[in-house]
Amino acid sequence: RSGKQATVALKESGKARHACALIGLEAAIARESFPVIREGAEIGYITSGSFSPSLKKPIALSLCSCSLETNETVYVKIRESLHPFVVVKLPFLKRNE
């Protein structure tokens with residue numbers, strides 16, 4: 001199945017996915033496949049995550065079933081506890097910072 005066919009099938013199914021950039025408010029680092037939680041419900045998962053030496057904070061990319069607003073707080077389940085992350089626009093680091 002081609003990429004175009006897969007995209008059309010996804011749109012027709014009504015199961016849209018939204019990419020979101022996240023910055024951690026605590027020291028916990030989100031890793032691939034960790035669940036993203038909003039208002040007690042799982043809305044997506046982390047696709048990649050690491051520590052940013054430039055920002056001195058954890059950063060992550062996620063795919064979510066609903067769109068999220070910039071500066072909205074969501075939680076990532078890391079080792080059975082929830083850790084706050086804030087939604088930001090990409091790029092994580094602006095050139096003039």
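Tutor: Helices (H or I, at least four residues) and strands (E, at least two) are DSSP runs, numbered from the N terminus. The model is predicted: local features need pLDDT of at least 70, side-chain atom pairs count only at pLDDT 80 or more, and totals for chains, interfaces and linings use all residues. Residues are numbered from 1 along each chain as its sequence is written, and side-chain values use heavy atoms, with hydrogens and water left out.

Student: In what order do the elements of the chain run from the N terminus on?

Tutor: The chain has one helix and six strands. Read from the N terminus, the order of these elements is α-β-β-β-β-β-β.

Student: Where is E72 found, and is E72 buried or exposed?

Tutor: E72 belongs to the loop between β4 (57–64) and β5 (73–78). Buried means under 20% relative accessible area, exposed over 50%, and partly exposed in between (1.4 Å probe, protein chains only). The relative accessibility of E72 is 19%, so this residue counts as buried.

Student: Which residue forms a salt bridge with E72?

Tutor: A salt bridge is a side-chain nitrogen of Lys or Arg within 4 Å of a carboxyl oxygen of Asp or Glu. The closest N and O atoms of the pair are 3.0 Å apart, and the partner of E72 is R38.

Student: Why does this pair tie together parts that are apart in sequence, and how many residues apart are they?

Tutor: R38 lies in strand β2 (residues 35–38), whereas E72 is in the loop between β4 and β5, so the pair links parts separated in sequence by 34 residues.
R38 itself is partly exposed, its relative accessible area being 22%. The separation asked for is thus 34 residues.

Student: Is S62 buried or exposed, and which residues is S62 in contact with beyond its neighbours within four places in sequence?

Tutor: S62 lies in strand β4, and with a relative accessible area of 2% this residue is buried. Contact means heavy atoms within 4.5 Å. Leaving aside neighbours within four places in sequence, the contacts of S62 are H18, A19, C20, L22, V36, Y45, I46 and T47.
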